[in-house]
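Hi everyone, thanks for coming. Please have the sequence and the model open while I talk.

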Amino acid sequence: MGLVAIMKMRSILAIAILGTATATVLFLGSEAQEVKKEYHTERISGSAGDVLEDDPVGRLKVYVYDLPAKYNTELVDKDPRCLTHMFAAEIFVHRSLLTSAVRTLDPDEADWFFTPVYTTCDLTPSGHPMPFDSPRMMRAAIRHVAARWPYWNRTEGADHFFVTPHDFGACFHFKEDQAVSRGILHVLRRATLVQTFGQSRHPCMQPAGRSITIPPYAPPQRMESRLLPPATPRSVFAYFRGLFYDAGNDPEGWRYARGARAEVWENFKSSPVFDISAERPGTYYEDMQRAVFCLCPLGWAPWSPRLVEAVVFGCVPVVVADGIVLPFHDAIPWAEAAVFVAEEDVPRLDTILTSIPPEEVVRRQRMLASPAVKRALLFHQPSQPGDAFHQILNGLARKLPHREGVFLRPGETVLNWTTGPPRDLKPW
């Protein structure tokens, strides 16, 4: 790192440390009280307008199918770990819908239909979801719905939505090459997918405007209980904790994260301004609140809970994942809140970050200080106005009225139930 870059970095950290004693606190903890005095509004202008505080009630009605418990609640009873892993959005969306004012008990008046299938609640002893039976489970649930209600058959799912929080959504695999070879489960290709995976022009991503990209689940109460005092200075320049290599699944070391994490480690493991390690300490949440920038590189998939954690803790996310589609991108102005670095530019990461003017960092921190932005990325229980569940409803409401071609002619079919890998076609 050159002398000029080091001086810039030091000036940013000096502002971070000294600012806590001034009236214009620049680098604060999670609440950023002084900043909020200037940034009082909670309506954040995104590419779709001021939508974070929109109320979905009255704009749509959702019918929730009553499936046998083996598709959902029975799985949680068997393994409660499903409630705390990063894929748990499928559970909390279901629970929130059951008590939501948008729910209707009359399917004839519904705009949307929801099929609650917990496809990630099949965990290994180490707590990782096994996606291999998910396609069969989803197909079985849809067959159940189609046999007992007339609504699936009239659209073949085009007015239905599903939460598919796997690494690569409804492609149902955690490795990209195998997910791509599978493609989106054929019987879901007319439905709207609510998924954590988002990457433009990717085989596991629906055409533009069809899917809703959501944040992964991060436990709100656990994070809120670890908030530091608002004036905590940010004395760490760039912070990251997580794997750099996945030797078990990628012995050569350059397929995992497309080599981006390995580049971070090889280039900056000895840097005086990068605090990076594969070890996650017990002070992880507190450490993020002491950092100016938090690295959010891709792993096997482009997304992870780090983005949510960084926003909640007011640490400017540094997103390294080419083509990523971020949660609620039509509502949250991510370009004003995060820093985006191309994967090929990782070796220049120190120069890129130290070249950002302090006032630009402050502007991003002000955006992150907005309670509306933080709330939009969290699945509260019970649900709160403006939280991630409500952003999903807003996204569904913005898709109404349904596009032309949703309703099929009598006897018309589009989907082929015999398409897919042989394993997927077996009964569940």
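This is a predicted model: local features need pLDDT of at least 70, side-chain atom pairs count only at pLDDT 80 or more; totals for chains, interfaces and linings use all residues.

**Strands, salt bridges and pockets**

E10 covers residues 291–297 and E11 covers residues 316–320; the two run parallel and are joined by five bridges. As a reminder, strands of a sheet pair through backbone hydrogen bonds, and they can do so parallel or antiparallel. Both strands belong to an open sheet of five, ordered E9-E8-E10-E11-E12, and the pairing is parallel. Which strands stand at the edges? They are E9 and E12 (339–340); each has a single partner strand, so one side of each has no neighbour in the sheet.

On to charges. Side chains of opposite charge can pair when their charged atoms come close. In this model the count is 17 salt bridges, and I'll walk you through a few.

Take aspartate 424 and arginine 182: they form a salt bridge whose closest N and O atoms are 2.4 Å apart. This pair ties together distant parts of the chain, since aspartate 424 sits in helix H16 (residues 422–425) and arginine 182 in helix H7 (residues 176–182), 242 residues apart. Is aspartate 424 buried or exposed? Its relative accessible area is 3%, so aspartate 424 counts as buried. Arginine 182, at 24%, is partly exposed.

The next pair brings us back to the sheet. Aspartate 275 and arginine 241 meet through their side chains in a salt bridge, at 2.8 Å from N to O. Here too, distant parts of the chain are linked: aspartate 275 lies in strand E9 (residues 274–277) and arginine 241 in strand E8 (residues 236–241), 34 residues apart. In this pair aspartate 275 is partly exposed, with 29% relative accessibility, while arginine 241 is buried at 11%.

Glutamate 309 is in helix H11, arginine 280 is in the loop between E9 and H10, and 29 residues separate them. Glutamate 309 is buried, with a relative accessible area of 5%. There is also a network of salt bridges that links Glu176, Arg258 and Glu343.

Last topic: pockets. Rolling a probe the size of a water molecule over the atoms shows where empty space is left.

The largest pocket has a volume of about 1,200 Å³. Which residues lie nearest its centre? Look for Met86, Phe87, His128, Asp167 and Pro305, out of a lining of 37 residues. Helix H10 (284–288) and helix H11 (306–312) each supply at least two residues of that lining. By class, the lining of the largest pocket has 17 nonpolar, 12 polar and eight charged residues.

The second largest pocket comes to about 330 Å³. Its lining has 20 residues, with Ala208, Gly209, Arg210, Ser211 and His329 nearest the centre. Strand E7 (212–213) and helix H15 (388–398) each give at least two residues to this lining, and H15 gives the most, with three. The classes here are six nonpolar, nine polar and five charged.

That's my tour, and I'm happy to go back to any part of it.

Conventions
Residues are numbered from 1 along each chain as its sequence is written. Side-chain values use heavy atoms; hydrogens and water are left out. On a 1 Å grid over the protein atoms alone, a cavity is a set of points where a 1.4 Å probe fits but cannot get out, and a pocket is an open set with protein on both sides within 12 Å along at least five of seven lines; lining residues have an atom within 4 Å of a point. Grid points are joined across faces, edges and corners, and a volume is the space filled by probe spheres set on the points. Helices (H or I, at least four residues) and strands (E, at least two) are DSSP runs, numbered from the N terminus. Ala, Val, Leu, Ile, Met, Phe, Trp, Tyr, Cys and Pro count as nonpolar, Asp, Glu, Lys and Arg as charged, and the others, Gly among them, as polar. A salt bridge is a side-chain nitrogen of Lys or Arg within 4 Å of a carboxyl oxygen of Asp or Glu. Buried means under 20% relative accessible area, exposed over 50%, partly exposed in between (1.4 Å probe, protein chains only). Two strands pair if DSSP finds at least two bridges between them.
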